[in-house]
Amino acid sequence: MTGLETTVAILVSILGAGTPLVFAALGELIAERSGVLNLGVEGMMLVGAVCGFIAAAETGSPVAAVIVGVLAGAGMALIFGVLTLTLMANQVATGLALTIFGIGVSAYIGIDYTSVALPSISPVHIPGLSDLPLIGPLLFSLDPLIYLSFAALAGVSWFLYRSRAGLVLRGVGESPESAHAIGYPVIRIRYAAVLFGGAMAGLGGVYLSVAYTPMWVEGMTAGRGWIALALVVFATWRPARVLIGAYLFGGVTIVQFHLQGAGVEVAPQLLSMLPYLATIAVLVVISRDINTIRLNSPASLGKTYHPDAH
Amino acid sequence: MWVKLEPRAEPSRAMIYVSPLLAAGLTLATGFVVFTVLGFDPLAAFHAFFVAPIDDLYGWGELGLKVAPLSLCAMGLAVGFRANVWNIGAEGQLTLGAICGGGLALAFPDTESAWLLPGMIAAGVVGGMAWAAIPAFLKTHFNANEILVSLMLTYVAALFLSYLVFGPWRDPQGFGFPETRQFQDAATLPIVLDGTRLHAGMPIALAVLALGWVFMMRSFLGYQIRVAGLAGGAAQYAGFSHKRMVWIGLLAGGGAAGIAGVGEAAGPIGQLLPSISPGYGFAAIIVAFVGRLHPVGILLASMLMALLYLGGEAAQMNLGLPSAVTGVFQGTLLFFLLASDVLINFRLRVVRRAPGRVAPTERAT
């Protein structure tokens with residue numbers, strides 16, 4: 001392999017490592033833009049991952065895996081929605097419960113699938129373009145879910161900034177009282193945002209278990225759900241920056257793998273700390289300027305709102 | 001017919017206490033249903049999960065063995081939660097406590113001094129506090145979210161422990177297993193109940209709970225913390241320092257979790273292994289909420305949570321159920337509690353739905 005080919009291979013693997021984060025963080029971004037902080041991303045990803053994996057193992061169809069994983073993630077989000085939106089439970093506590101529940105449920109239902117192997121998903125080669133040097137393998141022969149993550153970014157950006165519904169969603173996140181007074185169904189809009197967040201977390205999980213690894217291991221997300229939450233802060237609630245952050249973390253993960261492979265004289269456990277330490281470093285750098293956070297975070301984020309309670 | 005939530009004029013004091021009982025009852029009922037669905041004889045399975053583990057003295061000792069770390073972690077977390085400081089990294093702080101306390105035992109392999117154990121506990125407190133001081137510092141100086149930082153540090157702590165027992169601290173006579181040497185007797189917590197494995201960690205936990213009660217209910221600092229949590233604006237107006245609340249909330253959590261870590265390493269395990277806690281630090285979050293952030297409630301909730309752990313182990317052996325079922329029950333318990341809590345501020349009213357009238361208030365419920 002030439003140096004150029006190695007570089008391209010590394011870049012492609014960074015795209016792969018970042019993609020679960022892109023999905024999960026974009027979903028959480030929409031939920032948070034509506035004012036709802038769902039700390040259950042890790043649990044929703046795990047349940048999406050295991051359900052998608054089982055669907056793939058039973059049917060052999062990646063499409064079925066994606067559908068089942070998305071529905072499973074949304075199902076988890078529905079539990080969160082009922083508790084926080086209808087029953088007005090504390091969002092932080094409910095999100096933590098969702099993660100603990102998700103870790104347990106996914107371990108339980110995946111127990112018979114831990115040693116099952118899946119066929120890998122073949123990349124989509126875009127005819128003509130994939131033969132181009134350098135950008136051919138980098139941009140035009142990736143696995144289909146990576147293309148879907150690009151589409152998701154475009155879709156979320158368009159929705160938030162170019163559609164009327166996106167404007168309403170942002171309004172709900174800034175001031176649910178005003179949105180309610182104008183006549184928008186705040187709770188329904190928030191349900192939709194939370195369900196979208198769950199579906200995307202589920203999709204991130206499916207990508208991990210069916211395309212990226214591909215296998216099911218208990219707790220395989222290894223904190224990616226939490227990193228996705230940190231990415232939303234890093235992105236200051238703007239979708240395009242989610243992509244940058246996700247690939248940054250993908251890069252850290254891949255660099256750490258390559259260092260281990262290259263026989264660097266550092267214990268593998270210490271290298272594995274890098275993504276978590278990087279998350280903390282990034283949070284510190286971004287949060288340091290309290291005004292940036294205050295200006296960009298949705299004003300009602302994490303606060304319970306219910307029309308009956310006022 | 002339609003059930004509608006109707007705001008209460010005053011929050012119901014009774015429901016504050018009824019809600020955790022309701023949640024516990026609903027969790028047990030869910031267990032009953034789940035066992036039936038899975039094709040077990042529900043009564044036998046229920047008995048095997050919730051009753052058999054504690055039908056003798058040894059079983060109660062095992063329960064206490066789990067109550068101690070759970071109530072320690074939960075008491076520490078409760079101090080922070082009262083002030084709306086969300087430390088969710090008790091698992092990592094527990095790990096650092098075990099590393100520091102255990103490290104002291106490993107550093108003095110020949111000591112039979114009676115001061116070794118107190119020293120280990122003190123080292124554990126320092127270790128746990130140091131680990132919790134990181135999110136406190138980053139929160140107070142850089143506004144970094146303590147939830148995410150404390151959780152990330154849990155992963156870092158687990159990797160650090162793994163590095164130590166696979167690397168520098170590995171027992172040279174351990175046939176290559178990733179474990180440290182066994183602690184000597186002077187570095188092992190004494191058994192307090194003959195015929196069981198219950199060790200001195202339990203009385204220590206009870207002392208910490210008592211201390212927690214005095215601190216939260218009888219000290220001025222505890223009062224400030226409660227005010228800050230209930231009415232942040234009022235606390236600010238009274239001049240209570242928010243930064244101080246963050247520090248106290250996190251250090252209390254870290255210190256208590258550190259003791260729990262020493263209790264595991266110097267208690268039932270007796271050495272350091274790659275993993276020293278089956279998620280006590282996370283389960284303690286649930287314990288703190290179910291226990292209403294109150295020491296007595298925390299003790300009772302720890303007993304229920306410990307029973308879920310024991311039941312999970314028993315179900316694995318007797319019913320062939322995976323132990324992951326414990327996590328399912330833990331999450332379910334907190335779900336039911338959060339759902340029941342709506343009844344503190346609202347009452348249920350059965351209403352006949354008027355046709356054609358769909359006001360926003362009704363749509364939402």
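Analyst: Gladly! This is a predicted model, where local features need pLDDT of at least 70 and side-chain atom pairs count only at pLDDT 80 or more, while totals for chains, interfaces and linings use all residues. Residues are numbered from 1 along each chain as its sequence is written, chains are lettered from A and ligands numbered from 1 in the order in which they are written, and side-chain values use heavy atoms, with hydrogens and water left out.

User: How do you know where domain 1 and domain 2 of chain B lie?

Analyst: The bounds come from an automatic or database domain assignment. For chain B, that assignment gives domain 1 as 1-39 + 331-365 and domain 2 as 69-188 + 199-297. Their C-alpha centres lie 34 Å apart.

User: How many residues of each domain are in the contact?

Analyst: Contact means heavy atoms within 4.5 Å. By that rule, domain 1 of chain B gives 9 residues and domain 2 of chain B gives 4 residues. The two domains bury about 570 Å² between them, with 74% of it on carbon and sulfur atoms. Buried area is the accessible area (1.4 Å probe) that two parts lose on being put together, summed over both.

User: Why is the pair Asp341(B) and Arg292(B) called a salt bridge?

Analyst: A salt bridge needs a side-chain nitrogen of Lys or Arg within 4 Å of a carboxyl oxygen of Asp or Glu. The closest N and O atoms of Asp341(B) and Arg292(B) are 2.4 Å apart, so the pair meets the rule.

User: What makes up the side of domain 1 of chain B that touches domain 2 of chain B?

Analyst: Helices (H or I, at least four residues) and strands (E, at least two) are DSSP runs, numbered from the N terminus. On this side, α1 (13-37) and α13 (325-340) of chain B each supply at least two residues. The largest share, 4 residues, comes from α13(B).

User: How much area do chain B and chain A bury between them?

Analyst: They bury about 4,200 Å², 82% of it on carbon and sulfur atoms. Leu148(B), Met152(B) and Phe335(B) supply 16% of the area that chain B buries against chain A, more than any other three residues. The contact takes 47 residues from chain B and 51 residues from chain A. Across this interface the rule finds 0 salt bridges.

User: Which element gives the largest share of the side of chain B that touches chain A?

Analyst: That is α6(B), with 13 residues.

User: Why is the pair Phe50(B) and Phe329(B) given its label?

Analyst: Rings of Phe, Tyr and Trp (its six-membered ring) pair if their centres lie within 6.5 Å; planes under 30 degrees apart count as stacked, over 60 as edge-to-face and the rest as tilted. The centres of Phe50(B) and Phe329(B) are 6.0 Å apart and the planes stand at 65 degrees, so this pair is edge-to-face. Phe50(B) sits in helix α2 (residues 42-51) of chain B and Phe329(B) in helix α13 of chain B, so the pair ties together parts that are 279 residues apart in sequence.

User: How do you know that Arg349(B) and Glu6(B) form a salt bridge?

Analyst: Their side chains meet at 3.4 Å, N to O, which is within the 4 Å of the rule.
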